[in-house]
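Good morning, and thank you for joining this group meeting. I would ask you to look at the sequence and the model on the screen while I speak.

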Amino acid sequence: MNTIEIFDSSSNANSSAWIVVNDGVMGGKSQSTFHLDAEGNGIFEGAVSLKNNGGFCSVKMDAKALDLSNSNAFTIRLKGDGKEYQFRVKSKKDDSHSYIYHFQTSGNWEDIEIPIIQLHPSFRGKKLDLPNYDGSNLEEVAFLIGNKQEEKFQLLISKIEAK
């Protein structure tokens with residue numbers, strides 16, 4: 001089975017490829033940043049605020065139109081802070097909806113495996129009546145935290161692959 005590299009801290013780490021999108025787009029007050037550490041790991045960190053109907057922070061990266069139809073799962077090497085996050089993908093980066101998968105972090109370095117078929121369509125927190133993600137096209141990957149509570153967070157991302 002082929003492995004398709006989407007992000008790898010040891011080879012193509014580039015913080016300018018990632019774009020932070022917080023709830024400020026809707027008037028919220030949450031704040032986050034994305035930068036690389038000395039090893040090239042992506043560090044997504046900040047504080048989620050519920051003020052002004054806010055409540056989320058996210059970071060996204062262009063995946064350059066990849067065909068994942070022969071892949072079964074995403075494997076993500078990361079270190080979280082014990083909080084729950086969402087992994088999100090888009091078939092077309094201009095789509096209004098994303099396909100999402102919730103995962104819990106342990107506070108340690110770990111490999112999270114996400115079956116492609118389990119990514120479900122969602123728009124603004126509402127599940128849509130559309131088929132789950134099929135992997136035929138990938139143009140964007142993202143991480144989001146929005147647990148309906150005020151909290152500081154930190155997520156280190158070392159590698160994202162499709163297998």
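Leaving out residues up to four places away in sequence, Leu78 touches Phe103, Thr105, Asn108, Trp109, Glu110, Ile112, Leu155, Leu156 and Ile157. Please bear in mind throughout that this is a predicted model. Leu78 belongs to strand E6, residues 73–79. Is Leu78 buried or exposed? Its relative accessibility is 0%, and because the limit for burial is under 20%, Leu78 counts as buried.

What does the side chain of Ser122 reach? It reaches the backbone oxygen of Lys126, at 3.3 Å.

**His97**

His97 sits in the loop that runs between strand E7, residues 84–90, and strand E8, residues 98–104. Although placed in a loop, His97 is buried, with a relative accessible area of 14%. Its side chain makes a polar contact with the side chain of Tyr99, at 3.5 Å. If neighbours within four places in sequence are set aside, His97 is in contact with Lys90, Pro121, Ser122, Phe123, Leu128 and Leu130.

**The salt bridges**

How many salt bridges does the structure hold? It holds five, and I shall describe some of them. In general, side chains of opposite charge can pair when their charged atoms come close.

Lys159 forms a salt bridge with Asp8, with the closest N and O atoms 4.0 Å apart. As to accessibility, Lys159 is partly exposed, with a relative accessible area of 28%, whereas Asp8 counts as buried, at 8%.

Lys159 has a further partner in Glu161, and here too the closest N and O atoms are 4.0 Å apart. Glu161 also meets Lys163 through their side chains, in a salt bridge of 3.7 Å from N to O. Glu161 is buried, with a relative accessible area of 13%, while Lys163 is partly exposed, at 34%. Which residues do the shared partners join into one network? They are Asp8, Lys159, Glu161 and Lys163.

**The largest pocket**

Next comes the empty space. Rolling a probe the size of a water molecule over the atoms shows where such space is left. The largest pocket holds about 960 Å³. Its lining is made up of 34 residues, and those that lie nearest its centre are Phe56, Arg88, Arg124, Gly125 and Leu144.

Several elements give two or more residues to this lining: strand E5 (57–66), E7, E8, strand E10 (120–123), strand E11 (126–127) and strand E12 (138–145). Which element gives the most? E7 does, with six residues. By residue class, the lining divides into 12 nonpolar, 13 polar and nine charged.

**Two positive phi angles**

Asn52 is not a glycine, yet its phi is positive, at about 55 degrees. Asn52 is found in the loop between strand E4, residues 42–48, and E5, and it is partly exposed, with a relative accessible area of 48%.

Lys64 is the other residue I wish to point out: its phi is near 60 degrees, a positive value in a residue other than glycine. Where is Lys64 placed? It lies in strand E5, an element that also gives two or more residues to the lining of the largest pocket. Lys64 counts as exposed, at 65% relative accessibility, because the limit for that class is over 50%.

Thank you for your attention.

How values were computed: Residues numbered from 1 in each chain as written. Predicted model: local features only at pLDDT ≥ 70, side-chain atom pairs only at ≥ 80, totals over all residues. Heavy atoms only, no water. Helix = DSSP H or I, 4+ residues; strand = E, 2+ residues; numbered from the N terminus. Buried < 20%, exposed > 50% of the residue type's maximum accessible area, 1.4 Å probe, protein only. Polar contact = N/O pair within 3.5 Å; in protein donor to acceptor, adjacent residues only side chain to side chain. Contact = heavy atoms within 4.5 Å. 1 Å grid on protein atoms, 1.4 Å probe; cavity = no way out; pocket = protein on both sides within 12 Å on 5 of 7 lines; lining within 4 Å. Points joined across faces, edges and corners; volume = space filled by probe spheres on them. Nonpolar A, V, L, I, M, F, W, Y, C, P; charged D, E, K, R; others polar.
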